[in-house]
Amino acid sequence: MGEVIKVGMADLKTCGGEDAVTTIGLGSCVGIAIRDPIAKIGGLAHIMLPDSTEIRNNSNRPKFADTGIEDLVTEIVKKGANRFRLVAKIAGGAQMFAINASNATMRVGERNVQASKKKLSELKIPILAEDTGKTYGRTVVFYPKSGDFIIRAIGMPEKVI
C-alpha cells in the first residue's frame, strides 16, 4: 500500500504509483478526480465555489471550479500524464441545508457540480462517473493507478465509482 495524501478544502494534490488522495467534508463542495489511465497518474481537487470571477480576492485558485480544475490538469501533466488521455470522476455538491429553491445563490452544491462539468467539458475531459447532489456529505479516496473513486457517507453503504 502506498501513501494516502490528504487534500484540504480549497486545495489539490497529485500522485501516482500506489499512492492515493483523499478529502473529507464534501458537503456542497465537489471533489474532482482526474487521471491518465495509461500513465496511472492523477489527482484530486476539493473545490468550494463555482466561479473565481464572482469573488474579489480570489487568489486561492483551487477554491474555484474554473481555476482549480485547470491547475489540477496542469499539475497532473507536469507529473507525466498525457493531457489528451485524461478522464474524470466527480463527487459532492450536496444541498446540505433546507433553502428556498428559487434562490440560486443558496444552491452552491448544484452550482459547483454544474461549473465542474462545464469546465471539464471545455477541457474535453470526459466524466466517467459521478456521485453528486442529495443531502449528505461525503469523504472520498481516489486511486489514480486503478481509477477507483471510493465514496463514504454516514449511514450509507460505501461505493466505488
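Threonine 14 is in contact (heavy atoms within 4.5 Å) with Ile5, Gly42, Gly43, Leu72, Glu75, Ile76 and Lys79, when its neighbours within four places in sequence are left aside. This threonine belongs to strand 2, which covers residues 11–16. Threonine 14 has a relative accessible area of 16% and is therefore buried; buried means under 20% relative accessible area, exposed means over 50%, and partly exposed lies in between, with a 1.4 Å probe and protein chains only. The model is predicted, so that local features need pLDDT of at least 70 and side-chain atom pairs count only at pLDDT 80 or more, while totals for chains, interfaces and linings use all residues. Residues are numbered from 1 along each chain as its sequence is written, and side-chain values use heavy atoms, with hydrogens and water left out.

The chain contains two helices and 10 strands. Helices (H or I, at least four residues) and strands (E, at least two) are DSSP runs, numbered from the N terminus. In order from the N terminus, the elements are β-β-β-β-β-α-β-α-β-β-β-β. The radius of gyration of the chain is 15 Å, close to the 15 Å given by the globule rule for 161 residues, so the chain is as compact as a globular protein of that length. This radius is taken over C-alpha atoms, and the globule rule is 2.2 Å times the number of residues to the power 0.38. The C-alpha trace spans about 45 × 35 × 25 Å along its principal axes.

Of the 161 residues, 46% count as buried. Among contacts with a separation of 6 or more, 62% are between residues 24 or more positions apart. The chain exposes about 8,100 Å², of which carbon and sulfur atoms supply 56%; accessible areas come from the Shrake-Rupley method with a 1.4 Å probe, and for residues only the protein chains shown count as cover. There are 23 positive and 17 negative side chains, and the centres of the two sets lie 2 Å apart. Lys and Arg count as positive and Asp and Glu as negative, whereas His and the chain ends are not counted. The place of a charge is taken as NZ of Lys, CZ of Arg, CG of Asp or CD of Glu.

One aromatic pair is present in the structure. The ring centres of phenylalanine 142 and phenylalanine 149 are 5.7 Å apart and the ring planes stand at 85 degrees, so the pair is edge-to-face. Rings of Phe, Tyr and Trp (its six-membered ring) pair if their centres lie within 6.5 Å; planes under 30 degrees apart count as stacked, over 60 as edge-to-face and the rest as tilted. Both phenylalanine 142 and phenylalanine 149 are buried.

Isoleucine 150 lies in strand 9, residues 148–152, and is buried, with a relative accessible area of 12%. Apart from residues up to four places away in sequence, isoleucine 150 touches Thr139, Val140, Val141, Tyr143, Glu158, Lys159 and Val160. The C-alpha atoms of isoleucine 150 and arginine 138, 12 residues apart along the chain, are separated by 9.9 Å.

Two lysines in loops were also examined. Lysine 124, in the loop between helix 2 (108–122) and strand 7 (127–132), has phi near 60 degrees, a positive value in a residue other than glycine. At 71% relative accessibility, lysine 124 counts as exposed. Lysine 134 is located in the loop between strand 7 and strand 8 (138–143), and its phi, near 65 degrees, is likewise positive in a residue other than glycine. Lysine 134 counts as exposed at 54% relative accessibility.
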